Amino acid sequence: MSEEMLVCHCSPTLAGLKTGSLFSCPYSSQKMIIKEIREFNQKLTQKGIRIIPVRISDKRMLVYVYRPEKLKEDFSDEKTQIILKCKGYDCTNLSQCICRLIQKLQSDPDFPHEIGLFLGNPAADVKGFIENKAACSKCSG
């Protein structure tokens, strides 16, 4: 995973404009890409940014780049907490929420719609997306 790939896919998060970003990254060695993520985290943690793999498949890894403090702030919203609780998340512990998201991503071939909350999308938008079962959306991707 190159710095260019990180900047290309995550610049709003890196710049502090967005809570989180998600992108798919090819890899040839799982050991090497985990090492690269560790090295990025050593540089970026002091800037308030974390990088974690959330789904690993054959030669591709889904990577979540986020600002923990911003995510904590987002998750303090009552509407966000209601959605997350309904989806089986423990809102009292941010790490457990992320672990739950990882479990869902690894066990279900479809994306859990609440993932938008982890990216900083408004709770009302995520709620509408869930209620409409992703139908009638104006933009996808």
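This report describes the sheet, the helices packed on the sheet, and the salt bridges of a predicted protein model.

**Confidence**

The predicted model has a mean pLDDT of 90, and 94% of its residues reach 70 or more. Among the elements, the highest mean pLDDT, 96, belongs to helix H3 (residues 68-75), while the lowest, 89, belongs to helix H7 (residues 123-131).

**The sheet and its helices**

Three strands form an open sheet in the order E1-E3-E2, and their pairing is antiparallel. Strand E1 (20-26) and strand E2 (50-57) each have a single partner strand and stand at the edges, so one side of each has no neighbour in the sheet. From one strand to the next, the twist averages 25°. Strands of a sheet pair through backbone hydrogen bonds, in either a parallel or an antiparallel manner. Here, E1 and strand E3 (residues 60-66) run antiparallel and are joined by seven bridges. Cysteine 25 has methionine 61, in E3, as its bridge partner.

Two helices are in contact with these strands. Helix H1 (residues 3-14) packs on the sheet and touches E1, E2 and E3. The direction of helix H1 makes about 165° with that of E1. Helix H2 (residues 30-44) lies across E1, E2 and E3 as well, and runs at about 165° to E2.

**Salt bridges**

Side chains of opposite charge can pair when their charged atoms come close. The protein contains six salt bridges under the criterion applied.

| Residue | Partner | N to O distance |
|---|---|---|
| Lysine 70 | Glutamate 73 | 3.8 Å |
| Lysine 70 | Aspartate 74 | 3.0 Å |
| Lysine 104 | Glutamate 114 | 2.9 Å |

Lys70, Glu73 and Asp74 are linked in a network of salt bridges. Glutamate 73 and lysine 70 are three residues apart in helix H3, about one turn of the helix. Lysine 70 and aspartate 74 are also separated by about one helical turn, because they lie four residues apart in helix H3. The two partners in this second pair fall into separate accessibility classes: lysine 70 is partly exposed at 31% relative accessibility, whereas aspartate 74 is buried, with a relative accessible area of 15%. The cut-off for buried is under 20% relative accessible area, so the 15% of aspartate 74 places this residue in that class.

The salt bridge between lysine 104 and glutamate 114 has its closest N and O atoms 2.9 Å apart. Lysine 104 belongs to helix H5 (residues 94-107) and glutamate 114 to the loop between H5 and helix H6 (115-119), so this pair ties together parts that are ten residues apart in sequence. Lysine 104 and glutamate 114 are both buried.

**Threonine 19**

What joins the side chains of threonine 19 and aspartate 74? The two side chains are joined by a polar contact of 2.5 Å. Threonine 19 itself is located in the loop between H1 and E1. With 2% relative accessibility, threonine 19 counts as buried. Leaving aside residues up to four places away in sequence, the residues that threonine 19 touches include Lys70 and Asp74 of the salt-bridge network. Others among its contacts are Thr13, Val65, Tyr66, Arg67, Leu71, Phe118, Leu119 and Gly120.

Technical notes. Residues numbered from 1 in each chain as written. Predicted model: local features only at pLDDT ≥ 70, side-chain atom pairs only at ≥ 80, totals over all residues. Heavy atoms only, no water. pLDDT = per-residue confidence, 0-100. Pairing = 2+ DSSP bridges. Axes fitted to C-alpha atoms, helices over the stretch in contact; angles between N-to-C directions. Contact = heavy atoms within 4.5 Å. Salt bridge = Lys/Arg side-chain N within 4 Å of Asp/Glu carboxyl O. Buried < 20%, exposed > 50% of the residue type's maximum accessible area, 1.4 Å probe, protein only. Polar contact = N/O pair within 3.5 Å; in protein donor to acceptor, adjacent residues only side chain to side chain.
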